[in-house]
Amino acid sequence: MREPLMRLNRLLASVAVLAMTVSAATAQTPPVPPQSTDPVEVEIDQGVLRPMQIAVVNFNGENGADLGGVIRADLRRSGYFEPLDPAGFVETGLTLANAPNFPQWTSIGAQAVLYGAVTRRPDGRNDFGFRLYDPYRQCQLASYQFTATPEQWRRIGHKIADLIYQRMTGESGLFDSRVVFVSESGTQLNRLSRLAISDQDGFNPVYLTQGDEVIMSPRFSLNDPNEITYVALGRDYSRIYLFNLSTGRRESLGEFDGQVLAPRFSNDGSKMAFSIIRGGNTDVYVMDLSSRQLRRLTTDPGIDTSPSFSPDNSQIVFTSDRSGSARLYTMRADGTGQRPISRGGGIYTAPNWSPRGDLIAFTKQGGGRFSTGVMNTDGSGERILSSSYFEEGPSWAPNGRYIMFARQSPGGDTRLWTVDLSGRVVSQAGYAGRGTDPAWSPLLDEQPANLGGGGPDGCPT
């Protein structure tokens, strides 16, 4: 058993946690790390078109200023927008009943103007309405209203940011989503890992386990944002769990003859692919979640792990060192047609198929550095998006335009970061504590299909 574990640790940096002592899993639970109140910092390197300057006016009504702040922070992190400083706004007193004074906004360079109001309903809920205008064309780009409880104002801010992003870029949004990850605390020799979940900007963290198990590989079901899976390592066991976020119910997939790791749902939520270390070998298996029937997909003597389904569930990408060095392979969902796709030098791990189906993200080790990259599904067109001392575990945003991963600086803590597909917009995610192995949820709700301005002052489509 020792030799395959040693090989696996060389193949996947994330599996180094297998060597942790039991004392790391039984340490005292630390206090919840405080939320960062620092301004969001986004690094935009290389020459790019200037982000769109947008004026986000603080909403009228309850939590209106905070709501405006959430929207500005979301849009800024995307790299497509440059929210203007509200202190420079000329026009004040905007209401949903009136259009803006367009020259006063063009005079400060605003290419779009967003404003809105929060109004209390008789049933105790709030209406969150907004309008988005193009001050140069002097027409309305979008208007919308949400109804929610007052406590949901932050989530409504994310939903409004999604609608603005969708209307201005033509792409679906990403802000009304969550991230599940492994929260780490303690020292190197006495490390505590807990399953954690937060909003995509790091706010509202909730810890789902108490630290009495070592947690690995949390993943969302893309078919149900309330369903996750993860691996838990105890004193004498390794188990794959299903965890329902809405009910709190935890269910084991069963006991397996061997070490289990790297589970991932099929995109319709009906199957689970994962690896089992058994008899000195590591292979990919798939389980039907309704019948619990298990099928072995790979039989090569090499280490086969980290399976990820294509969006149509017809193919699986995985990592294997069968050629002597870890590379990426694809196969049909029944295990046939296995072939290598990665073509460059270095060690390839942690493949993740884009929800769009056009790209595969991966971690690559070479030249003394770790990188996050993407390639076409046939292995062509490899591009490195981010490179540093150490990074791993790419996870796609629901719109397939951004990737979250874990990054560590020399001698520093491991934090969650994001990068866009251009590789030009790199930012640290908002969670204030140490985190590894992130997984991005699908959008929590479907977005409106048509966001035309509507009304007599609506902008032409």
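Predicted model: local features only at pLDDT ≥ 70, side-chain atom pairs only at ≥ 80, totals over all residues.
Residues are numbered from 1 along each chain as its sequence is written, and side-chain values use heavy atoms, with hydrogens and water left out.

**Exercise 1.** How many helices and strands are in the protein?

*Solution.* Start with the rule: helices (H or I, at least four residues) and strands (E, at least two) are DSSP runs, numbered from the N terminus. Counting that way gives five helices and 30 strands.

**Exercise 2.** At what angle do the axes of helix H3 and helix H5 cross?

*Solution.* First, find H3 at residues 64-78 and H5 at residues 153-169. Next, get the axes: they are lines fitted to C-alpha atoms, for helices over the stretch in contact, and angles run from 0 to 180 degrees between N-to-C directions. These two come within 8 Å and cross at roughly 45 degrees. Now name the angle: under 35 degrees is roughly parallel, over 145 roughly antiparallel, 65 to 115 roughly perpendicular, and the rest oblique. H3 and H5 are therefore oblique to each other. Finally, look at who touches whom, with contact meaning heavy atoms within 4.5 Å. Among the residues involved are Leu-67, Val-70 and Ile-71 of H3, and Trp-153, Ile-160 and Tyr-165 of H5.

**Exercise 3.** In what order do strands E14, E15, E16 and E17 form an open sheet?

*Solution.* Recall that two strands pair if DSSP finds at least two bridges between them. Here the order is E14-E15-E16-E17, with antiparallel pairing. The edges are E14 (259-265) and E17 (294-296), each pairing on one side only. From one strand to the next, the twist averages 30 degrees. Zoom in on E14 and E15 (residues 271-278): five bridges join them. Phe-265, for instance, has Met-272 in E15 as its bridge partner.

**Exercise 4.** Is strand E30 buried or exposed?

*Solution.* Take the cut-offs first: buried means under 20% relative accessible area, exposed over 50%, and partly exposed in between (1.4 Å probe, protein chains only). Then check residues 434-440: seven of the seven are buried, so E30 is largely enclosed by the rest of the structure. Across the protein, buried residues make up 53% of the 461 residues. As for its pairing, E30 joins strand E7 (residues 178-186) in the antiparallel sense over five bridges. There, Val-179 stands opposite Trp-440 in E30.
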